[in-house]
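Dear colleague,

My notes on it follow.

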Amino acid sequence: MPDELFLAMRQSIIDGVPDRARELAQQWLADGVDPLEAVNFGFAVGIKFAGDQFGCGEMFLPDLLASAEAMKAAIKVLEPEMLKRGSQREALGKIVLGTARGDIHDIGKNLVATILSASGFQIFDLGTSVTPEAFVAKVKEVDADIVGVSALLTTTMAGQKAVIEALDRNGLRPRVKAIIGGAAVSSKWAAEIGADGFSRNAIDALELAKNLMGKGTASA
Ligand code: B1M
């Protein structure tokens, strides 16, 4: 009964109950279904709802934190299966990933990392609130093909631009491609700062990265 399960997943995130979210994720895996469906139709819908409630003052920060903890608990259970499903694929390229300076949101970025990694990309995840200098240093260290910068706050979008400028200053582009994403950003912003691409969700991020490596459907 997936619809009921999806509703329960959403509610576990809205209520901010990690144990319940974990249990529902385990139940989903026991049924052998694609873990990404549980994220897209269940848990992520819940966290978006919680965010909207927070945005209009119907939910307070401690409750939002509890929702985020529940979301992380669910993803922790689903992640090994997501990675396993993609583990047989070939190496597609190296991606340095992180959240823009000043931004500590990482649920979406972690999801992007999991999907890209499961699909054959080698991911170097720098975590949250990453400076442009740290991005550049890692790109040079691992000889990356793509840099991905996530931003969830309107105030941290400038950090994405700063990373692109730093890559330019260091002569790393156009060889190294820069992609951006996160709830705050749009394709218009991507064009404005000269990013090589933007995606609205983790699945599109995968297609985008593959295309930039000349291995996607649009580049075939
Ligand atoms: Co905050 N927060 N938050 N928050 N939070 C938002 C972003 C907000 C929209 C909520 C709201 O007001 N409605 C709002 C931003 C407003 C704005 O700037 N426009 C906001 C705010 C204001 C804040 C604080 C300032 C609150 C405060 O302290 N007063 C504070 C900021 C802290 C900081 O960063 N300095 C804050 C804190 C927090 C928590 C710690 C409580 C928690 C984060 C926990 C964590 O991440 N570890 C939190 C959460 C959970 C949210 C919401 C509710 C959900 C974000 C999320 O995880 N979504 C969010 C509201 C919302 O987005 N509707 C909100 C689920 C996730 C799967 O989606 O992250 O969008 P998302 O990622 C997607 C895509 O965007 C895309 O793919 C992902 C998977 O499909 N994507 C990429 C993401 N990165 C990508 C990179 C790519 C490509 C695609 O390429 C590189």
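Please note that this is a predicted model. I begin with helix 7 and what surrounds it. The buried residues of helix 7 are covered by elements including helix 6 (132–142), strand 3 (146–150), strand 4 (177–181) and helix 8 (187–193). The buried residues in question are Met157, Gly159, Gln160, Ala162, Val163, Ile164, Ala166 and Leu167. Helix 7 itself runs over residues 157–169 and spans 19 Å from its first C-alpha to its last, close to the 18 Å expected.

Two backbone features follow helix 7. Gly171, just after the helix, has a positive phi of about 65°. In the loop between helix 7 and strand 4 lies Pro174, which is joined to Arg173 by a cis peptide bond with omega of about 10°.

Most residues other than glycine have a negative phi, and most peptide bonds are trans. Against that background, two further residues deserve mention. Ser129, in the loop between strand 2 (121–125) and helix 6, has a positive phi near 45°. Asp143, in the loop between helix 6 and strand 3, has a positive phi of about 55°. Asp143 is partly exposed, at 46% relative accessibility.

Regarding the ligand, its cobalt atom has His105 (NE2) as the only protein donor, at 2.2 Å. His105 is placed in the loop between strand 1 (93–99) and helix 5 (107–118).

Finally, Phe54, Leu61 and Leu65 make a nonpolar surface patch of about 280 Å². Phe54 belongs to helix 3 (residues 35–55).

With kind regards

Key: Residues are numbered from 1 along each chain as its sequence is written. This is a predicted model: local features need pLDDT of at least 70, side-chain atom pairs count only at pLDDT 80 or more; totals for chains, interfaces and linings use all residues. Side-chain values use heavy atoms; hydrogens and water are left out. Patches are made of residues with over 30% relative accessible area and no salt bridge: like charges are joined within 9 Å, nonpolar side chains (Val, Leu, Ile, Met, Phe, Trp, Tyr) within 5 Å. Accessible areas come from the Shrake-Rupley method with a 1.4 Å probe; for residues, only the protein chains shown count as cover. A salt bridge is a side-chain nitrogen of Lys or Arg within 4 Å of a carboxyl oxygen of Asp or Glu. Helices (H or I, at least four residues) and strands (E, at least two) are DSSP runs, numbered from the N terminus. The expected span of a helix is 1.5 Å times one less than its number of residues. Buried means under 20% relative accessible area, exposed over 50%, partly exposed in between (1.4 Å probe, protein chains only). Contact means heavy atoms within 4.5 Å. Donors are N, O and S atoms within 2.8 Å of the metal (3.2 Å for Na, K and Ca); water is not among the atoms, so sites may look incomplete.
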